[in-house]
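This briefing is meant for a reader who is meeting the structure for the first time. Please look through the sequence and the model, and then follow the topics below.

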Amino acid sequence: MSWKPTPASADRLRAKLDDEFETVAKPEGLRRSSDARRERDAAAPAVEPDTWQRSSEQRGNARGGSRIGAASGRASDRVSGRAADRAAGHSSTAEDEAAAPDNGKPARKGPSLKMRAVGYLSRREHAREELARKLAAYAEDADEIESVLDALEKEGWLSTERFAQSLVHRRASRQGAARIVQELRQHGVDDTQVAELREQLRATEYDRALEVWKKRFDAKPEDRAAYAKQARFLASRGFAHDVIRRILGEGEDD
């Protein structure tokens with residue numbers, strides 16, 4: 001006698017087989033997570049397709065808007081930077097134009113004309129004409145130089161008389177009256193002061209020439225060639241011919 005399953009028994013058999021299959025195939029933890037996802041999906045509200053599309057478009061627009069805003073900000077910064085550069089350049093040009101004199105020459109930089117003059121005078125005495133020549137390279141016109149020199153003379157910084165005395169003091173031990181007088185005249189020393197200083201130098205000419213000769217030779221010339229050599233040396237130093245003959249004797253000279 002053959003056994004045929006009834007519909008009810010067949011359903012029970014399928015249910016039993018399904019339970020056994022799930023027990024073997026799925027671990028307990030995976031089964032719980034699957035059940036939890038099913039419960040969450042069942043509890044979540046259904047999202048209509050057009051609503052999901054609109055939210056996606058909004059997110060894209062938000063990202064695009066942030067990128068456009070950042071690009072716009074960078075472009076604005078560049079424009080602002082260029083504007084600032086132009087403004088700075090215009091301001092710099094305006095300042096340069098304001099600093100430049102009306103005659104088109106560049107503005108003078110460095111110490112003032114008077115400070116330069118005081119610097120020269122602090123190192124040594126200068127004659128008025130000598131100092132004017134040195135300041136000419138830094139002055140815009142001759143009137144400015146004359147004004148500075150007048151102020152320096154009034155304040156006692158500049159004195160051509162002191163310069164002349166100083167020059168004589170520096171040169172007298174090595175040079176004769178003629179050479180010193182020539183240098184005084186080149187520096188614009190007054191003729192009256194030059195004449196006074198020449199008389200002072202002539203009064204000591206022999207003694208000074210003798211000292212110079214002793215340092216170089218300290219022996220009378222033995223022949224004409226030696227005499228000419230010593231005479232030329234003393235003459236080149238500016239000593240007078242009568243003084244040279246007194247030192248070397250009455251020999252022949254060139």
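Contact here means heavy atoms within 4.5 Å, and helices (H or I, at least four residues) and strands (E, at least two) are DSSP runs, numbered from the N terminus. This is a predicted model, in which local features need pLDDT of at least 70 and side-chain atom pairs count only at pLDDT 80 or more, while totals for chains, interfaces and linings use all residues. Residues are numbered from 1 along each chain as its sequence is written, and side-chain values use heavy atoms, with hydrogens and water left out.

**Buried residues**

- In helix α4, which covers residues 113–123, Leu-113, Ala-117, Val-118, Gly-119, Tyr-120 and Leu-121 are buried, where buried means under 20% relative accessible area, exposed over 50% and partly exposed in between (1.4 Å probe, protein chains only).
- The cover over these buried residues of α4 includes α5 (128–135) and α6 (142–155).
- His-187, which is found in the loop between α8 (177–186) and α9 (191–203), is buried, with a relative accessible area of 13%.
- When its neighbours within four places in sequence are left aside, His-187 is in contact with Ala-127, Glu-129, Glu-130, Arg-133, Phe-163 and Leu-167.

**The helices α8 and α9**

- The axes of α8 and α9 come within 10 Å and cross at roughly 160°, the axes being lines fitted to C-alpha atoms, for helices over the stretch in contact, with angles that run from 0 to 180 degrees between N-to-C directions.
- α8 and α9 are therefore roughly antiparallel to each other, since angles under 35 degrees count as roughly parallel, over 145 as roughly antiparallel, 65 to 115 as roughly perpendicular and the rest as oblique.
- Ala-177, Ile-180, Val-181, Leu-184 and Arg-185 of α8 meet Val-194, Leu-197, Arg-198, Leu-201 and Arg-202 of α9.

**Rings and charges**

- The count comes to one aromatic pair, by a rule under which rings of Phe, Tyr and Trp (its six-membered ring) pair if their centres lie within 6.5 Å, with planes under 30 degrees apart counted as stacked, over 60 as edge-to-face and the rest as tilted.
- The rings of Phe-217 and Phe-233 have their centres 5.6 Å apart and their planes at 85°, so the pair is edge-to-face.
- Phe-217 counts as partly exposed at 22% relative accessibility, whereas Phe-233 counts as buried at 13%.
- The charged end of Arg-246 sits over the ring of Tyr-206, 4.0 Å from its centre, which requires NZ of Lys or CZ of Arg within 6 Å of the ring centre and within 35 degrees of the ring normal.
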